[in-house]
Amino acid sequence: MGRAKLPRKSTNIDMTAMCDVAFLLLSFFILTTKFKPSEAIAVTIPKSVAAKVAPAKDIVQVIIDKDGKVFLEMDDETVKETIANTLNNTKGMNLDVKAFKKSPFFGAPFSALAAFISLPEDQRKGNNLPGIPVKDTSSNELVTWMALVRDAYQGKKPNLLLKGDNMAKYPAFKSVVDAFKKNDFLKFQMVTNPEPVPTGTDLWKKAQSGEKREE
Amino acid sequence: MAEMDTSSGGGHKKGPGVKKGKKLSTRVDLTPMVDLGFLLITFFIFTTTMSQATALKLILPKDADKPEDQNKAKQSGVITILLGRDNNVFYYEGELAIDASNFKTSTFKDIREVLINKKTSVKDLKDFVVILKPSEECTYRNVVDILDEMAINVCTRYALVDITSIETQLVKKTEEMAGTPTGQ
(Lines give C-alpha, C1' and ligand atoms only; values in the text may rest on other atoms or scores of the structure.)
Protein backbone atom coordinates (compact mmCIF):
# COMPACT_ATOMS: atom_id res chain seq x y z
CA MET A 1 0.00 0.00 0.00
CA GLY A 2 1.40 3.26 -0.93
CA ARG A 3 1.46 5.88 1.65
CA ALA A 4 0.07 9.19 0.68
CA LYS A 5 2.93 11.56 0.21
CA LEU A 6 2.79 14.53 2.48
CA PRO A 7 3.40 17.68 0.62
CA ARG A 8 6.51 19.48 1.75
CA LYS A 9 5.57 22.58 3.58
CA SER A 10 7.58 25.68 3.56
CA THR A 11 9.47 26.42 6.75
CA ASN A 12 8.76 30.10 6.43
CA ILE A 13 6.41 31.30 9.10
CA ASP A 14 4.42 34.43 8.85
CA MET A 15 6.11 36.74 11.31
CA THR A 16 3.55 39.50 11.14
CA ALA A 17 1.49 38.30 14.08
CA MET A 18 4.53 37.79 16.24
CA CYS A 19 5.81 41.17 15.29
CA ASP A 20 2.48 42.68 16.30
CA VAL A 21 2.62 41.07 19.70
CA ALA A 22 6.22 42.09 20.23
CA PHE A 23 5.54 45.71 19.49
CA LEU A 24 2.36 45.72 21.52
CA LEU A 25 4.33 44.55 24.53
CA LEU A 26 7.06 46.99 23.72
CA SER A 27 4.71 49.93 23.68
CA PHE A 28 3.16 48.73 26.93
CA PHE A 29 6.51 48.65 28.67
CA ILE A 30 7.59 51.95 27.23
CA LEU A 31 4.44 53.60 28.48
CA THR A 32 4.41 52.04 31.94
CA THR A 33 8.07 52.40 32.68
CA LYS A 34 9.08 55.11 35.02
CA PHE A 35 12.70 55.83 35.32
CA LYS A 36 13.85 56.28 38.82
CA PRO A 37 14.52 59.94 39.39
CA SER A 38 18.12 60.42 40.33
CA GLU A 39 18.07 60.97 44.01
CA ALA A 40 20.50 63.26 45.65
CA ILE A 41 20.19 61.46 48.94
CA ALA A 42 20.75 57.75 48.92
CA VAL A 43 18.25 56.03 51.18
CA THR A 44 17.42 52.34 51.45
CA ILE A 45 13.91 52.12 52.74
CA PRO A 46 12.58 49.31 54.90
CA LYS A 47 9.83 46.88 53.95
CA SER A 48 6.32 46.68 55.26
CA VAL A 49 3.06 44.93 54.46
CA ALA A 50 1.29 48.24 53.88
CA ALA A 51 -0.65 48.08 50.64
CA LYS A 52 -1.39 51.72 50.08
CA VAL A 53 0.66 53.35 47.36
CA ALA A 54 2.60 56.33 48.58
CA PRO A 55 1.23 59.59 47.26
CA ALA A 56 3.34 61.44 44.72
CA LYS A 57 1.63 64.79 44.58
CA ASP A 58 1.46 67.57 47.10
CA ILE A 59 4.08 66.00 49.25
CA VAL A 60 6.18 67.23 52.09
CA GLN A 61 8.78 64.60 52.65
CA VAL A 62 11.27 64.35 55.44
CA ILE A 63 14.24 62.18 54.62
CA ILE A 64 16.52 60.65 57.22
CA ASP A 65 19.70 59.26 55.78
CA LYS A 66 21.84 56.54 57.28
CA ASP A 67 23.87 58.96 59.38
CA GLY A 68 20.74 60.47 60.85
CA LYS A 69 20.95 63.63 58.77
CA VAL A 70 17.57 65.14 58.02
CA PHE A 71 16.44 66.69 54.76
CA LEU A 72 13.18 68.28 53.76
CA GLU A 73 11.69 67.81 50.34
CA MET A 74 8.73 69.71 48.92
CA ASP A 75 7.18 69.70 45.48
CA ASP A 76 4.79 72.63 45.56
CA GLU A 77 6.57 75.69 44.20
CA THR A 78 4.11 78.25 45.48
CA VAL A 79 4.51 76.88 48.96
CA LYS A 80 8.26 77.09 48.64
CA GLU A 81 7.97 80.66 47.47
CA THR A 82 5.85 81.56 50.47
CA ILE A 83 8.36 79.94 52.77
CA ALA A 84 11.26 81.78 51.18
CA ASN A 85 9.47 85.10 51.52
CA THR A 86 8.58 84.40 55.12
CA LEU A 87 12.16 83.50 55.90
CA ASN A 88 13.41 86.66 54.25
CA ASN A 89 10.94 88.82 56.09
CA THR A 90 11.02 87.37 59.57
CA LYS A 91 14.57 86.12 59.87
CA GLY A 92 16.15 88.73 57.67
CA MET A 93 17.74 86.09 55.49
CA ASN A 94 18.91 87.07 52.10
CA LEU A 95 17.57 84.14 50.16
CA ASP A 96 17.28 84.01 46.43
CA VAL A 97 13.58 83.20 46.12
CA LYS A 98 13.91 81.84 42.60
CA ALA A 99 16.70 79.46 43.50
CA PHE A 100 14.83 78.45 46.64
CA LYS A 101 11.79 77.63 44.55
CA LYS A 102 13.78 75.47 42.19
CA SER A 103 15.62 73.57 44.88
CA PRO A 104 13.99 70.15 45.26
CA PHE A 105 15.08 69.69 48.83
CA PHE A 106 16.71 71.50 51.72
CA GLY A 107 19.38 70.19 53.98
CA ALA A 108 21.23 72.89 55.84
CA PRO A 109 20.83 74.79 59.06
CA PHE A 110 19.19 78.19 58.69
CA SER A 111 22.54 79.88 59.16
CA ALA A 112 23.94 78.14 56.10
CA LEU A 113 20.79 78.08 54.01
CA ALA A 114 21.78 80.92 51.70
CA ALA A 115 25.04 79.17 50.91
CA PHE A 116 23.16 75.93 50.35
CA ILE A 117 20.80 77.54 47.86
CA SER A 118 23.64 79.08 45.92
CA LEU A 119 25.35 75.74 45.45
CA PRO A 120 24.96 74.31 41.99
CA GLU A 121 22.46 71.49 41.98
CA ASP A 122 24.88 68.75 41.03
CA GLN A 123 26.92 69.50 44.10
CA ARG A 124 24.03 69.11 46.47
CA LYS A 125 24.62 65.51 47.35
CA GLY A 126 23.52 63.93 50.57
CA ASN A 127 26.85 62.84 51.91
CA ASN A 128 28.53 66.23 52.07
CA LEU A 129 25.54 68.28 53.15
CA PRO A 130 25.08 69.19 56.77
CA GLY A 131 21.36 68.38 56.96
CA ILE A 132 18.79 70.15 59.06
CA PRO A 133 19.90 70.07 62.70
CA VAL A 134 17.44 68.09 64.80
CA LYS A 135 19.59 66.38 67.40
CA ASP A 136 19.10 68.95 70.13
CA THR A 137 15.58 69.32 71.41
CA SER A 138 16.21 72.98 72.10
CA SER A 139 17.54 73.76 68.65
CA ASN A 140 15.46 71.38 66.57
CA GLU A 141 15.24 73.42 63.38
CA LEU A 142 12.82 71.02 61.79
CA VAL A 143 10.21 72.37 64.20
CA THR A 144 10.62 75.78 62.58
CA TRP A 145 10.54 74.22 59.13
CA MET A 146 7.35 72.34 59.83
CA ALA A 147 5.77 75.50 61.24
CA LEU A 148 6.70 77.28 58.00
CA VAL A 149 5.20 74.44 55.97
CA ARG A 150 2.04 74.47 58.00
CA ASP A 151 1.62 78.21 57.60
CA ALA A 152 2.35 78.06 53.90
CA TYR A 153 -0.30 75.42 53.34
CA GLN A 154 -2.83 77.56 55.22
CA GLY A 155 -4.91 74.87 56.80
CA LYS A 156 -4.73 72.47 53.91
CA LYS A 157 -3.12 69.19 54.74
CA PRO A 158 -0.16 68.19 52.66
CA ASN A 159 0.80 64.55 52.32
CA LEU A 160 3.37 64.27 55.01
CA LEU A 161 5.86 61.54 54.26
CA LEU A 162 8.77 60.21 56.19
CA LYS A 163 11.45 58.34 54.34
CA GLY A 164 14.06 56.86 56.55
CA ASP A 165 17.09 54.75 55.91
CA ASN A 166 17.23 51.28 57.39
CA MET A 167 20.33 52.17 59.32
CA ALA A 168 19.14 55.50 60.71
CA LYS A 169 19.08 55.50 64.48
CA TYR A 170 15.94 55.95 66.48
CA PRO A 171 16.81 59.35 68.06
CA ALA A 172 16.76 60.99 64.62
CA PHE A 173 13.34 59.46 63.96
CA LYS A 174 12.13 60.60 67.34
CA SER A 175 13.21 64.20 66.88
CA VAL A 176 11.50 64.27 63.49
CA VAL A 177 8.33 62.90 65.00
CA ASP A 178 8.59 65.45 67.79
CA ALA A 179 8.82 68.22 65.22
CA PHE A 180 5.65 66.86 63.59
CA LYS A 181 3.85 66.66 66.90
CA LYS A 182 4.76 70.17 67.94
CA ASN A 183 3.15 71.51 64.80
CA ASP A 184 0.01 69.40 65.07
CA PHE A 185 0.93 67.16 62.19
CA LEU A 186 -0.40 64.05 63.83
CA LYS A 187 -0.79 61.90 60.76
CA PHE A 188 2.07 60.93 58.57
CA GLN A 189 3.07 58.10 56.33
CA MET A 190 6.29 56.23 56.20
CA VAL A 191 7.57 55.29 52.79
CA THR A 192 8.33 51.59 52.54
CA ASN A 193 8.76 48.90 49.97
CA PRO A 194 5.92 46.42 49.67
CA GLU A 195 6.25 42.99 51.18
CA PRO A 196 3.81 40.08 51.10
CA VAL A 197 1.75 39.39 54.19
CA PRO A 198 3.08 36.27 55.97
CA THR A 199 0.64 33.39 55.68
CA GLY A 200 -1.20 32.24 58.75
CA THR A 201 -1.17 35.57 60.51
CA ASP A 202 -4.24 37.50 61.55
CA LEU A 203 -3.89 40.01 58.77
CA TRP A 204 -3.57 37.20 56.26
CA LYS A 205 -6.72 35.56 57.58
CA LYS A 206 -8.50 38.86 57.32
CA ALA A 207 -7.40 39.28 53.74
CA GLN A 208 -8.51 35.73 52.94
CA SER A 209 -11.97 36.31 54.32
CA GLY A 210 -12.27 39.28 52.01
CA GLU A 211 -12.25 41.92 54.68
CA LYS A 212 -10.93 45.23 53.63
CA ARG A 213 -7.95 46.63 55.41
CA GLU A 214 -8.41 49.91 57.06
CA GLU A 215 -5.55 52.15 56.22
CA MET B 1 -10.41 22.64 -7.60
CA ALA B 2 -12.01 24.94 -5.18
CA GLU B 3 -9.23 27.40 -5.49
CA MET B 4 -9.36 30.39 -7.60
CA ASP B 5 -6.50 31.43 -9.59
CA THR B 6 -5.58 34.66 -7.94
CA SER B 7 -2.22 34.99 -9.49
CA SER B 8 -2.93 37.16 -12.40
CA GLY B 9 -0.15 36.17 -14.59
CA GLY B 10 1.79 34.10 -12.20
CA GLY B 11 4.28 33.47 -14.87
CA HIS B 12 3.13 30.08 -16.08
CA LYS B 13 0.58 30.86 -18.65
CA LYS B 14 1.72 33.61 -20.71
CA GLY B 15 1.13 34.34 -24.20
CA PRO B 16 4.01 33.96 -26.45
CA GLY B 17 6.14 36.96 -26.77
CA VAL B 18 4.69 38.75 -23.79
CA LYS B 19 7.51 39.79 -21.58
CA LYS B 20 6.43 40.89 -18.18
CA GLY B 21 8.62 42.15 -15.45
CA LYS B 22 9.03 39.64 -12.71
CA LYS B 23 6.57 40.44 -9.98
CA LEU B 24 8.36 40.66 -6.70
CA SER B 25 6.68 39.37 -3.62
CA THR B 26 5.45 42.05 -1.25
CA ARG B 27 6.35 39.91 1.70
CA VAL B 28 9.08 41.22 3.87
CA ASP B 29 11.03 39.01 6.17
CA LEU B 30 9.97 40.28 9.58
CA THR B 31 12.35 38.16 11.60
CA PRO B 32 14.92 40.91 12.25
CA MET B 33 12.16 43.28 13.24
CA VAL B 34 10.79 40.79 15.73
CA ASP B 35 14.29 40.30 17.05
CA LEU B 36 14.66 43.99 17.59
CA GLY B 37 11.24 44.21 19.18
CA PHE B 38 11.99 41.53 21.71
CA LEU B 39 15.38 43.00 22.44
CA LEU B 40 13.76 46.28 23.34
CA ILE B 41 11.12 44.50 25.40
CA THR B 42 13.74 42.76 27.45
CA PHE B 43 15.49 46.06 27.97
CA PHE B 44 12.34 47.71 29.24
CA ILE B 45 11.39 44.76 31.39
CA PHE B 46 14.73 44.89 33.14
CA THR B 47 14.82 48.61 33.62
CA THR B 48 11.24 49.11 34.72
CA THR B 49 10.37 49.29 38.37
CA MET B 50 6.92 47.91 38.72
CA SER B 51 6.79 47.93 42.48
CA GLN B 52 5.81 51.33 43.72
CA ALA B 53 6.71 52.45 47.15
CA THR B 54 3.94 52.01 49.66
CA ALA B 55 3.14 54.06 52.68
CA LEU B 56 2.75 52.88 56.21
CA LYS B 57 0.47 55.20 58.05
CA LEU B 58 1.13 56.25 61.60
CA ILE B 59 -1.15 58.42 63.63
CA LEU B 60 0.41 60.08 66.61
CA PRO B 61 -1.44 60.75 69.80
CA LYS B 62 -1.57 64.28 71.00
CA ASP B 63 0.59 64.81 74.00
CA ALA B 64 -1.51 64.63 77.11
CA ASP B 65 -0.39 67.26 79.54
CA LYS B 66 -2.33 66.12 82.56
CA PRO B 67 -1.81 62.62 83.86
CA GLU B 68 -5.54 62.05 84.19
CA ASP B 69 -5.94 62.58 80.45
CA GLN B 70 -3.61 59.77 79.67
CA ASN B 71 -4.96 56.52 78.44
CA LYS B 72 -5.19 53.83 81.01
CA ALA B 73 -4.48 50.28 80.19
CA LYS B 74 -5.25 47.17 82.17
CA GLN B 75 -2.14 45.49 83.44
CA SER B 76 -3.22 42.06 82.35
CA GLY B 77 -3.54 43.03 78.74
CA VAL B 78 -0.38 45.02 78.35
CA ILE B 79 2.76 43.83 76.69
CA THR B 80 5.78 46.08 76.44
CA ILE B 81 8.27 45.54 73.66
CA LEU B 82 11.70 47.08 73.88
CA LEU B 83 14.03 47.40 70.95
CA GLY B 84 17.74 47.21 71.54
CA ARG B 85 20.76 47.47 69.34
CA ASP B 86 21.64 44.82 66.72
CA ASN B 87 18.00 43.87 66.17
CA ASN B 88 17.55 42.69 69.74
CA VAL B 89 14.02 42.59 71.04
CA PHE B 90 12.98 42.38 74.68
CA TYR B 91 9.56 42.22 76.16
CA TYR B 92 7.67 41.93 79.37
CA GLU B 93 4.04 41.42 80.16
CA GLY B 94 2.17 43.65 82.52
CA GLU B 95 4.38 45.77 84.72
CA LEU B 96 8.09 45.32 85.01
CA ALA B 97 8.89 43.33 88.13
CA ILE B 98 11.31 44.90 90.56
CA ASP B 99 13.77 42.06 90.16
CA ALA B 100 13.15 42.13 86.38
CA SER B 101 12.13 38.49 86.47
CA ASN B 102 9.54 38.92 83.72
CA PHE B 103 11.99 40.64 81.41
CA LYS B 104 12.51 38.32 78.47
CA THR B 105 14.70 38.31 75.41
CA SER B 106 13.33 37.67 71.97
CA THR B 107 14.06 38.28 68.32
CA PHE B 108 12.13 39.79 65.47
CA LYS B 109 11.28 36.29 64.30
CA ASP B 110 9.90 35.11 67.60
CA ILE B 111 8.11 38.26 68.64
CA ARG B 112 5.19 37.37 66.40
CA GLU B 113 4.65 34.17 68.35
CA VAL B 114 4.78 36.13 71.59
CA LEU B 115 2.25 38.65 70.33
CA ILE B 116 -0.13 35.97 69.07
CA ASN B 117 0.08 34.11 72.36
CA LYS B 118 -0.59 37.25 74.31
CA LYS B 119 -3.45 38.19 72.05
CA THR B 120 -5.18 34.86 72.46
CA SER B 121 -4.63 34.75 76.22
CA VAL B 122 -6.15 38.18 76.84
CA LYS B 123 -9.78 37.77 77.77
CA ASP B 124 -11.13 40.97 76.36
CA LEU B 125 -9.48 42.06 73.14
CA LYS B 126 -10.16 45.67 74.06
CA ASP B 127 -7.64 45.39 76.88
CA PHE B 128 -4.88 44.22 74.61
CA VAL B 129 -2.39 47.04 74.38
CA VAL B 130 1.12 46.90 73.00
CA ILE B 131 3.63 49.45 74.21
CA LEU B 132 6.64 49.94 71.99
CA LYS B 133 9.75 51.38 73.50
CA PRO B 134 12.57 51.81 71.07
CA SER B 135 15.89 52.50 72.72
CA GLU B 136 18.48 54.96 71.49
CA GLU B 137 20.47 52.19 69.91
CA CYS B 138 17.84 50.70 67.64
CA THR B 139 17.46 51.65 64.01
CA TYR B 140 14.64 53.12 61.99
CA ARG B 141 14.24 49.77 60.34
CA ASN B 142 13.53 48.12 63.67
CA VAL B 143 10.84 50.67 64.39
CA VAL B 144 9.17 50.11 61.02
CA ASP B 145 9.47 46.35 61.45
CA ILE B 146 7.76 46.38 64.80
CA LEU B 147 5.03 48.72 63.55
CA ASP B 148 4.61 46.34 60.66
CA GLU B 149 4.30 43.51 63.11
CA MET B 150 1.40 45.41 64.68
CA ALA B 151 -0.28 45.53 61.29
CA ILE B 152 0.42 41.87 60.58
CA ASN B 153 -1.07 40.71 63.86
CA VAL B 154 -3.90 43.24 63.74
CA CYS B 155 -2.99 44.88 67.02
CA THR B 156 -5.18 47.93 66.89
CA ARG B 157 -4.00 49.48 70.11
CA TYR B 158 -0.36 50.24 70.31
CA ALA B 159 1.73 53.19 71.32
CA LEU B 160 5.24 54.40 70.82
CA VAL B 161 6.49 55.43 74.22
CA ASP B 162 9.80 56.80 75.44
CA ILE B 163 11.98 54.31 77.17
CA THR B 164 12.69 54.81 80.85
CA SER B 165 16.18 54.87 82.29
CA ILE B 166 15.60 51.65 84.23
CA GLU B 167 14.63 49.90 81.05
CA THR B 168 17.59 51.32 79.19
CA GLN B 169 19.92 49.95 81.81
CA LEU B 170 18.19 46.62 81.75
CA VAL B 171 18.46 46.40 77.97
CA LYS B 172 22.12 47.32 78.09
CA LYS B 173 22.86 44.83 80.81
CA THR B 174 21.09 42.03 79.02
CA GLU B 175 22.84 42.84 75.79
CA GLU B 176 26.20 42.79 77.49
CA MET B 177 25.41 39.47 79.06
CA ALA B 178 24.30 38.07 75.75
CA GLY B 179 27.51 39.35 74.21
CA THR B 180 29.57 36.92 76.28
CA PRO B 181 29.01 33.34 75.24
CA THR B 182 26.92 32.18 78.14
CA GLY B 183 24.46 30.31 75.99
CA GLN B 184 21.49 32.36 76.93
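Two strands are taken to pair if DSSP finds at least two bridges between them, and it is on this basis that strand partners are described here for a predicted model.

In chain B, strand β2 (residues 78-83) pairs with strand β5 (residues 129-134) in the parallel sense, over six bridges, and within this pairing B:L83 stands opposite B:P134 of β5(B). Strand β2(B) also pairs with strand β3 (residues 89-93) of chain B, here in the antiparallel sense and over five bridges, with B:I81 standing opposite B:Y91 of β3(B). The hairpin formed by β2(B) and β3(B) has five residues between the strands, and in this hairpin B:D86 takes a positive phi near 50°. Because five of the six residues of β2(B) are buried, the strand is largely enclosed by the rest of the structure. In a regular strand, the side chains alternate between the two faces of the sheet.

In chain A, attention falls on A:K163, which is found in strand β5 (residues 159-164) of that chain. With 20 or more other C-beta atoms within 10 Å of its own as the criterion for a buried residue, A:K163 is classed as buried because 24 other C-beta atoms lie within 10 Å. When residues up to four places away in sequence are not counted, A:K163 touches A:V43, A:I45, A:Q61, A:I63 and A:V191. A:F29, by contrast, lies 134 residues from A:K163 in sequence and 28 Å from A:K163 in space, C-alpha to C-alpha.

Conventions
Residues are numbered from 1 along each chain as its sequence is written. Chains are lettered from A and ligands numbered from 1 in the order in which they are written. This is a predicted model: local features need pLDDT of at least 70, side-chain atom pairs count only at pLDDT 80 or more; totals for chains, interfaces and linings use all residues. A residue is buried if 20 or more other C-beta atoms lie within 10 Å of its own, exposed if 12 or fewer, and partly exposed in between; C-beta atoms are placed from the backbone. Helices (H or I, at least four residues) and strands (E, at least two) are DSSP runs, numbered from the N terminus. Two residues are in contact if their C-beta atoms, placed from the backbone, lie within 7 Å.
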